[in-house]
Amino acid sequence: MTMRAWSFLSASLLVGLALFALAASSQVPVSQWGDLFASPADLSLDKIILAYSLFPRAAVALVAGAALGLSGALLQQLLRNPLADPSTLGISAGAQLAIVAATLYVPEIVDGHRTLVALAGAAGAAAVVFALGWRRAFEPVTMVVSGLLVGVTAAALSAAMTLARGEYLMSLVTWNGGSLSQQDWSVFQGLALEFALLGVLASMLIRPLLVLGLGDTSARSLGVNLGGIRFAIAAIATALAGFVAAAVGLVSFVGLAAPAFVRACGARRPAAIVALSPLAGALFLWLCDGIVQTLARASSENFPTGAVTALVGGPLLLWLLPKVRSMEVPHEARESIRRARLMPALAVVLALVPVIVAVAFFVGPSGHGWKILSWAETLDLAPLRWPRLMASAAAGGLLAVTGAILQRMTGNAMASPEVVGVSGGAGLGFAAALTFAPDGGTASVFIGAGLGALLAMLAVLVFASRRHLPPEKLLLAGVAVGSFSSAVLSALLAIGDQRSWQILSWLGGSASTATPATAIFLGILSLLVLAVALMLSRWLTILPFGPSIALSLGLSVRLSRVLLLLLSGAATGAASLLVGPLSFVGLVAPHIVLRAGLVTAPQHLAGSFLLGSMLMALADFGARSATFPYELPLGLFAALVGAPYLIWLLGRKR
């Protein structure tokens with residue numbers, strides 16, 4: 001490494017020491033630190049806090065950061081992907097989901113077996129992501145998009161479970177954000193031992209890992225067992241992330257930042273990167289925790305350290321994005337599609353509409369099974385059911401039309417409001433409206449969510465156009481924006497005021513809040529958006545062919561994209577207020593319609609709108625019926641259908 005690198009590391013160490021000294025000396029004067037070696041019974045309360053909270057907290061930050069730095073470096077070297085780390089690959093979210101589920105439903109397992117629970121969740125998430133990547137030779141874009149799907153689905157499940165059990169709300173929210181608060185030295189001792197053992201195992205695999213970097217053919221010729229080495233390295237990296245999640249919660253992007261910092265400082269040899277990443281990760285997390293404690297003393301708000309590290313993740317992903325080797329994501333719109341005849345396809349879709357309406361109004365659980373309601377019962381329940389049915393269908397139509405617009409505008413068949421960061425931006429706008437206009441009502445949150453969605457999509461497209469990125473990397477720019485949005489929401493959740501409940505409720509989505517006025521508004525808005533999209537269908541026919549062809553046909557690419565973005569932002573913002581940030585209807589519906597044979601732009605838009613409305617109406621029925629008398633979040637229920645479809649789509653061979 002260069003002198004600049006050592007200067008950065010030395011400066012980071014000095015700043016970390018200064019922040020820690022400031023926090024510790026404000027608790028107990030430095031001149032009295034020698035008393036900390038006395039028996040706890042002889043110590044004052046301030047000295048006990050320093051000896052058994054602040055010092056262990058600093059030690060845990062260092063060892064947890066080192067473990068995540070090593071995990072990220074191993075994953076990046078294994079996959080030859082600078083965007084790989086436990087958070088971008090969904091591993092940390094899998095551990096989070098396992099801990100949350102066990103805490104809420106089988107708490108006796110967590111007592112004494114917390115680490116095993118976290119390891120099981122991390123291993124499950126890693127298995128899904130690596131299985132998808134194996135089908136495409138661990139191609140970087142596929143791995144990160146797969147990790148996104150696994151991560152956001154696990155996070156949505158965790159949020160829904162947390163919301164359903166209010167008595168655990170703040171403790172789980174704080175843990176999900178990555179809290180380094182300590183009460184003794186036990187966490188540090190356990191985590192340090194685990195890191196030391198796995199670090200020794202990782203050092204024994206450095207040479208085979210270097211050989212893997214030569215390519216599969218060269219590695220086989222040198223006698224390397226590719227499958228065994230890959231499994232061992234992935235297992236070590238996953239275990240490191242699982243141990244940290246069990247000890248301190250969800251700490252994001254340390255494994256991404258540490259190797260990136262080491263490379264930026266001049267390290268090029270893989271062995272040096274793997275060796276120095278734990279040091280960089282330890283200093284990075286220690287610095288972030290020092291900043292958190294400084295802010296806590298200044299503002300009396302105690303943010304989880306993991307939320308602060310995640311704020312670095314979005315900009316860091318954008319910076320690293322041009323460095324990722326690219327392999328085109330499969331464009332389903334360009335593959336051979338079994339083109340069904342148009343009229344039969346439409347007839348099937350239209351025939352399902354009255355069936356869905358009849359089921360939504362006349363069928364329901366009774367507590368002892370399912371029953372068909374009488375006409376009188378239906379009339380009694382109609383004032384409660386029709387607003388949520390109309391609102392759900394309208395929101396599904398809005399998301400599906402937005403997905404079709406984004407897919408055609410970007411030329412990327414895997415674009416959707418959830419994947420390209422539009423829904424995350426809507427969440428930021430929603431939170432901003434709650435913060436700066438808490439008494440503004442529905443109008444303020446609608447405007448805030450719409451503006452947030454629009455700004456997020458603009459940020460992604462501006463970055464992609466400036467860097468001249470191919471269409472598939474637009475997905476990763478969206479991941480970066482979405483990750484940054486999630487970090488901000490996590491920080492707001494940790495504050496614990498009324499906004500926490502509102503944001504957490506929004507994350508899951510619920511149609512139970514729909515009123516007749518809301519339903520009518522969303523219904524009219526969805527029809528207007530569809531009408532405008534159909535009028536702009538010529539643009540959406542031309543844009544997928546690229547800017548040069550569009551200009552040759554007299555189409556202003558910039559103007560058309562801005563107008564389409566305005567339309568997409570308003571539609572996503574309105575739909576997200578009801579559904580939340582996650583449903584995948586905007587991705588699934590356009591795909592299904594396309595494969596049914598509706599391939600022209602008007603057919604694609606109209607078919608996506610109709611199918612999205614039907615899917616969300618069915619999701620509303622399932623959300624209120626599956627766990628009767630309790631209700632599942634609407635967006636979560638839709639995502640549980642959409643995410644497996646997309647995972648199957650990613651896993652298909654070309």
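The accessible surface of the protein chain comes to about 26,700 Å², and 69% of that belongs to carbon and sulfur atoms (areas are from the Shrake-Rupley method with a 1.4 Å probe; for residues, only the protein chains shown count as cover). This is a predicted model, so local features need pLDDT of at least 70 and side-chain atom pairs count only at pLDDT 80 or more, while totals for chains, interfaces and linings use all residues. Residues are numbered from 1 along each chain as its sequence is written, and side-chain values use heavy atoms, with hydrogens and water left out.

**The chain as a whole**

- The protein chain has 26 helices and two strands (DSSP runs numbered from the N terminus: H or I with at least four residues for helices, E with at least two for strands).
- Of its 654 residues, 56% are buried (buried is under 20% relative accessible area, exposed is over 50%, and partly exposed is in between, with a 1.4 Å probe and protein chains only).
- Take the contacts with a separation of 6 or more: residues 24 or more positions apart account for 78% of them (contact means heavy atoms within 4.5 Å).

**Salt bridges**

- The count comes to two salt bridges (a side-chain nitrogen of Lys or Arg within 4 Å of a carboxyl oxygen of Asp or Glu).
- One of them joins R57 to D289, with the closest N and O atoms 2.7 Å apart.
- That bridge ties together distant parts of the chain, as R57 is in helix 2 and D289 in helix 12 (residues 270-299), 232 residues apart.
- Both R57 and D289 are buried.
- R388 and D620 form a salt bridge too, and their closest N and O atoms are 2.7 Å apart.
- Here again distant parts of the chain are linked: R388 belongs to helix 15 and D620 to helix 25, 232 residues apart.
- R388 is buried at 10% relative accessible area, and D620 is buried at 2%.
- As a general point, side chains of opposite charge can pair when their charged atoms come close.

**Aromatic pairs**

- There are three aromatic pairs in the structure (rings of Phe, Tyr and Trp, the last by its six-membered ring, with centres within 6.5 Å; planes under 30 degrees apart are stacked, over 60 edge-to-face, and the rest tilted).
- F20 and F55 make an edge-to-face pair, because their ring centres are 5.2 Å apart and their planes sit at 65 degrees.
- This pair also spans distant parts of the chain, from F20 in helix 1 (residues 3-27) to F55 in helix 2 (residues 45-79), 35 residues apart.
- F20 is buried, with a relative accessible area of 14%, whereas F55 is partly exposed at 23%.
- W185 and F188 pair up edge-to-face as well, since their ring centres are 5.8 Å apart and their planes are at 80 degrees.
- W185 is partly exposed at 30% relative accessibility, and F188 is partly exposed at 25%.

**The nonpolar patch**

- M390, I520, I524 and L528 make a nonpolar surface patch of about 360 Å² (patch residues have over 30% relative accessible area and no salt bridge; like charges are joined within 9 Å, and nonpolar side chains, meaning Val, Leu, Ile, Met, Phe, Trp and Tyr, within 5 Å).
- Helix 20 (residues 516-535) gives the most to the patch, with three residues.
- M390 is in helix 15 (residues 375-410) and is partly exposed at 34% relative accessibility.
- T518 lies in helix 20 and is partly exposed at 26% relative accessible area.
- Although T518 and P387 are 131 residues apart in sequence, their C-alpha atoms are 7.7 Å apart in space.

- S613 sits in helix 25 (residues 601-625) and is buried, with 11% relative accessible area.
- A polar atom of the S613 side chain lies 2.9 Å from the backbone oxygen of A393.
- Setting aside neighbours within four places in sequence, S613 is in contact with A393, G396 and G397.
- M457, in helix 17 (residues 441-466), is buried at 2% relative accessibility.
- Not counting residues up to four places away in sequence, M457 touches L406, M409, T410, V420, V422 and L565.
- M457 and S423 are 34 residues apart in sequence and 9.3 Å apart in space, C-alpha to C-alpha.

Key
Polar contact = N/O pair within 3.5 Å; in protein donor to acceptor, adjacent residues only side chain to side chain.
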